[in-house]
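Subject: Model handover

Hello,

Here is the model we talked about. Please load it before reading on.

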Amino acid sequence: MKVAGKKVLVLGLSKSGISAAKLAKRHGADVYLSEGKTITEDKLELVKELKALGISVEYDGHSEGFINKAELAVTSPGIPPHSEIIKKLREKNIPVISELELAYQESEIPFIIITGTNGKTTTTALTQHILNKRLKTKPCGNIGFPPCDMADEDLNYFVCEASSFQLEMTKELKPYISVWTNFTPDHIDWHQGLENYFKAKAKVFKSPQAPKYSVLNAKDPKLLEFAKNAEGTVYMFAENIGANCCYEENNEIIFKKDNVEEPVIKLNECPLIGEHNYQNIMCAIICAKLTGIDNETIKQAIMEFRAPEHRLEKVAQKNGITFYNDSKATNPEAAIVAINSFNNTDVVLIAGGRDKNTDLKEFCDSVNKHINTVILIGEAADRFEENLKQNGFKNIIREKTMEDAIDKSIELHPDVVLLSPACASFDMFKSYENRGEIFKEYVLSRI
């Protein structure tokens with residue numbers, strides 16, 4: 001479905017929409033970009049730039065004039081499949097694809113797709129880091145740049161973090177490798193149901209979009225079951241299962257292909273900690289081995305790697321205390337992953353922020369098992385304290401600011417101080433990034 005000579009409607013003046021419009025124009029399409037919302041002053045310069053390239057642009061709504069011209073539509077991840085504009089395009093039998101799909105159709109570069117509810121960003125960053133030791137790759141999708149930006153470059157692979165939003169609108173995309181890190185409920189409203197969310201991710205593991213290799217989490221019951229239907233050569237990770245897998249044994253990560261086992265790296269040599277990160281490393285090892293990277297290169301690359309910012313990021317180690325910034329944990333489920341990374345260790349957890357009012361039972365269970373002291377800040381502090389006490393956890397301290405929480409943590413002299421808020425940031429900070437930066441800056445100023 002090449003775009004040359006076609007009239008292509010691009011929906012959304014987003015980063016991916018702009019990238020898709022420019023690629024389609026470069027490749028000979030007549031391009032119409034339509035933004036449904038009123039645009040801000042700063043985007044008027046973007047509109048001028050696009051018009052100078054010969055791209056027609058409208059905003060404040062999707063006009064019938066633009067819709068009626070379209071032979072193909074490229075949609076942005078922010079537009080749900082049940083939205084009025086998508087319904088209208090489908091009623092007119094106009095094919096609707098994602099920016100990911102457009103890059104695939106217009107490029108010869110093979111895709112490594114990494115999807116899942118959690119762990120996508122770390123796995124994508126680590127995979128790209130390892131592959132770039134021997135190959136030319138770039139991270140794209142939800143990390144890095146839209147693949148359409150790089151579709152004309154000389155690359156061996158796209159290493160692409162792909163959300164369910166992007167995969168929902170793919171039709172022909174056949175990855176070289178498809179990785180599924182895990183599956184938990186998320187984005188239910190956007191997909192109008194949990195099963196639709198699952199099906200969106202499953203597309204790139206089955207015909208007509210079957211990859212050469214499928215990589216799946218053997219510890220996730222739903223993915224273990226799904227592995228029976230996944231196509232291509234299937235590799236499992238996190239358990240020693242089948243002829244092709246990657247797993248941990250005797251504190252070492254082992255890669256197995258056709259029942260031949262190869263030790264790759266010891267756990268104590270890995271800079272990332274926690275079971276979830278060991279699983280991310282296993283995914284990256286499988287991808288690296290399937291693209292021809294040798295074990296020594298893989299090991300050295302892993303040892304050099306640093307976690308993406310604000311995701312269980314090691315900030316500093318001083319006077320026996322190690323500080324971790326996990327500000328990206330904006331819900332209890334994400335915080336649980338970080339909390340469960342610590343065993344038999346004296347941990348002070350800093351939590352709280354703007355409450356998402358999700359169930360806290362599993363969060364409280366994890367705190368009881370792994371945390372010695374909880375310091376609560378922000379709007380959610382009352383509800384979190386109430387739930388923790390109801391579940392038998394009593395060692396709770398309240399502080400008014402992040403700085404006060406850090407000071408109190410240092411005073412307690414634990415082994416670990418972990419910022420993993422389990423809440424949104426907007427009660428006290430501009431964003432979770434801003435929250436993490438303030439945590440890091442103050443920690444470094446104190447030590």
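Predicted model: local features only at pLDDT ≥ 70, side-chain atom pairs only at ≥ 80, totals over all residues.

Residues are numbered from 1 along each chain as its sequence is written, and side-chain values use heavy atoms, without hydrogens or water.

The sheet. Six strands form an open sheet with mixed pairing, in the order β15-β16-β20-β17-β18-β19. Strands (E, at least two residues) and helices (H or I, at least four) are DSSP runs numbered from the N terminus. Pairing needs at least two DSSP bridges between two strands. Strand β18 (residues 373–376) runs parallel to β19, joined by three bridges. There, L376 stands opposite R398 in β19.

Helices on the sheet. Helix α17 (residues 402–412) lies across β16 (321–325), β17 (347–351), β18, β19 and β20 (416–419). It runs at about 170 degrees to β17. Angles run from 0 to 180 degrees between N-to-C directions, with axes fitted to C-alpha atoms, for helices over the stretch in contact.

The helix pair. The axes of α6 (residues 120–131) and α13 (residues 295–304) come within 9 Å and cross at roughly 130 degrees. The two are therefore oblique to each other (under 35 degrees is roughly parallel, over 145 roughly antiparallel, 65 to 115 roughly perpendicular, the rest oblique). L126, H129 and I130 in α6 meet I298, A301, I302 and E304 in α13 (contact: heavy atoms within 4.5 Å).

Best wishes
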